[in-house]
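Open the model in your viewer and keep the selection tool at hand. Each stop below tells you what to pick next.

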Amino acid sequence: MNLINPIERFGSSLISVQNPSTYTGGEIGSIVKPHRENDGLFNFAMAFPDTYTIGMSNQAIKIIYQGLNKKSNIRCERVFCPEQDFEELLKKTETPLYTLETGMPLNQVDMIGFSVGYELGITGVLSVLDLGNVPLLKKDRGPDDPIVFAGGVGATNPAPFSAFFDAVFIGEAEGGMFEIIEKLSQMKKAGASRDELLAEFARCPNVWTSNMSVEKTGHSKAFRAVWEGFESEPMLDAFYPLPNIRTVQDHGVVEIMRGCPNGCRFCHAGVYYRPQRARSKKKIIDYCRRLVNEAGFREISLTSLSSADYPDVGGLLNELNSIFKIQNVSFQLPSLKVNSFTLPILEELGEVRKSGLTFAIETPDEAWQLRLNKEVYTAHLVELIEEAKKRGWNKAKFYFMVGLPFSETEEKTEEKVIVEFLKDIQERTKIQCHVNVGTFIPKPHTAYQWVRQISPEESDRKLRYIRENLPKGKFRVGTHDIATSFIEGLMSRGDERAGMVIYNAYKKGCRLDAWEDHLRQNIPLWEEAFAEAPYDVKNEILRERSKDEVLPWDSVSLGPSKTFYKREWDRNEQEVLTPVCKPDCDHK
Ligand code: SF4
């Protein structure tokens with residue numbers, strides 16, 4: 001293999017690009033397995049379809065990196081999507097994109113695994129493949145090309161991506177992916193061909209391929225892998241490698257819980273990460289010790305989908321504060337459900353440094369909340385904010401969505417309800433409100449998978465109303481880009497035809513579309529790609545699906561059955577809550 005040493009290859013040109021150290025590797029904690037003649041190691045590229053500064057803040061990448069490198073037969077190295085200036089340098093010097101640890105050209109590895117956490121990353125996937133001289137379409141790959149697959153929350157509807165990925169792994173990597181790749185590494189050592197490796201991978205029950213069938217692969221549906229050992233098994237060193245430059249999230253992270261018990265009907269992550277599993281306090285404290293003493297972090301996020309639902313989170317924070325206060329370490333709980341957020345939690349959160357107070361409300365109307373299966377007690381919220389103010393917090397962040405499937409009247413619209421609620425909260429508490437409003441995108445594998453997505457025009461009208469009706473001195477309002485939501489809808493529920501629209505948009509120059517400013521520039525290119533498609537793309541994105549329709553993601557199961565989602569939809573119509581999920585519940 002012709003390894004690429006970026007310092008030798010690019011010389012002083014490297015300093016002409018932004019953040020050159022993001023292309024050189026060599027960070028503390030990176031794992032280098034030197035190449036030896038015929039070492040027979042399975043070369044795996046852990047790819048992220050966005051830039052280094054985003055990717056190095058992503059826990060999944062580091063978990064997979066650590067998990068695979070524990071296997072002696074596997075050499076797992078990282079690759080990220082370059083910024084445009086480095087893309088130009090690669091092209092000018094005719095250098096293929098390479099992995100960071102030992103500079104393996106991407107087209108010479110055995111397998112490339114993309115972590116797709118959000119659907120809009122797909123143009124980043126194509127960019128990485130293209131720059132690595134790997135054919136973009138799976139049909140064009142031959143016996144010497146790498147196997148290309150994806151995994152992650154953003155890939156549970158594989159249909160729009162099926163032209164690009166040879167396979168998709170559904171579910172948690174620790175739930176079986178390491179073992180199947182280890183098996184492939186042994187097969188490679190024994191001389192297996194690419195076709196044989198791919199056929200073996202496709203036989204894994206968690207792997208989706210476009211030609212799955214009981215006869216060919218042993219299953220006609222891919223089932224989500226769940227890591228049973230989340231609570232019992234040791235934690236991987238998911239804080240290494242330590243990035244050389246400041247990344248978007250440069251604090252320590254400890255995953256205290258996986259899964260969320262709440263079952264909000266619009267929520268895809270809530271289904272993807274079921275069931276709720278919590279790590280012991282001891283394990284969390286030991287890990288924090290390493291984050292502080294080995295990696296030098298002084299701010300630590302205790303992450304999960306809904307951290308206030310961690311059993312005895314107040315007690316956990318109390319213990320952490322009493323151990324680490326002397327080292328000036330502060331702890332944050334990034335995602336808090338209002339009803340599980342208590343005053344003792346608030347007290348502990350402010351102990352060392354005041355982190356942000358964030359409340360995900362979605363909609364403040366009580367009947368609509370019953371539809372979502374998410375109650376937010378306003379009186380409790382007011383009490384929390386009043387207490388927070390007394391303890392020195394002066395601002396709070398609120399998240400809302402518009403475009404949820406509610407029956408509106410002229411008097412009662414989503415935007416009016418949000419504005420009235422916020423004015424009332426602000427009036428009562430006098431807190432500075434940072435408001436963030438997004439457009440709801442119906443997600444596969446949820447009770448709302450069939451509903452209509454609102455058009456960009458409707459979304460614009462609603463968001464504008466909110467911006468214009470909240471006084472500037474008291475409210476800072478941010479609204480998600482409507483084009484972003486619209487394009488995300490293409491991938492979220494699209495079928496195979498969406499793949500060719502994506503391919504066409506990429507060929508026209510669309511890159512890094514998860515970034516609002518990139519996407520805004522790329523919109524004319526996306527519009528051209530829509531216009532050239534042989535079907536009405538806009539209608540397909542927005543239309544309501546019939547309950548009897550075969551959906552593009554029916555060949556994937558995240559656990560619950562379609563009957564469960566339909567039942568949840570009916571309960572939504574009846575405005576009835578479904579109790580929280582228990583490990584042994586029948587939410588299937
Ligand atoms: S609280 Fe609701 S929205 Fe948040 S992760 Fe859980 S199910 Fe999803």
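**Stop 1: charged pairs**

Select Glu 172, Glu 174, Glu 255, Arg 258, Arg 277 and Arg 279: salt bridges link them in a network. A salt bridge here is a side-chain nitrogen of Lys or Arg within 4 Å of a carboxyl oxygen of Asp or Glu. The whole structure holds 55 salt bridges.

This is a predicted model, where local features need pLDDT of at least 70, side-chain atom pairs count only at pLDDT 80 or more, and totals for chains, interfaces and linings use all residues. Residues are numbered from 1 along each chain as its sequence is written, and side-chain values use heavy atoms, leaving out hydrogens and water.

Now pick Glu 27 and Arg 78. Their side chains form a salt bridge of 2.8 Å, N to O. Glu 27 sits in the loop between α1 (6-10) and β1 (42-48) and Arg 78 in strand β2 (residues 74-80), so the pair ties together parts 51 residues apart in sequence. Helices (H or I, at least four residues) and strands (E, at least two) are DSSP runs, numbered from the N terminus. Both Glu 27 and Arg 78 are buried. Buried means under 20% relative accessible area, exposed over 50%, and partly exposed in between (1.4 Å probe, protein chains only).

Go to Arg 520 and Asp 481. Their closest N and O atoms are 3.1 Å apart, in a salt bridge. Arg 520 lies in helix α19, and Asp 481 in the loop between β16 (475-479) and α17 (482-492). Arg 520 is partly exposed at 48%; Asp 481 is buried at 12%.

**Stop 2**

Select Asp 513, in the loop between α18 (496-508) and α19 (516-532).

**Stop 2: an enclosed helix**

Show helix α3 (residues 59-69). Nine of its eleven residues are buried, so the helix is largely enclosed by the rest of the structure. Among the buried ones are Ile 61, Lys 62, Tyr 65 and Leu 68.

**Stop 3: an exposed residue**

Finish at Val 214, in helix α8 (residues 214-217). Val 214 is exposed, with a relative accessible area of 53%.
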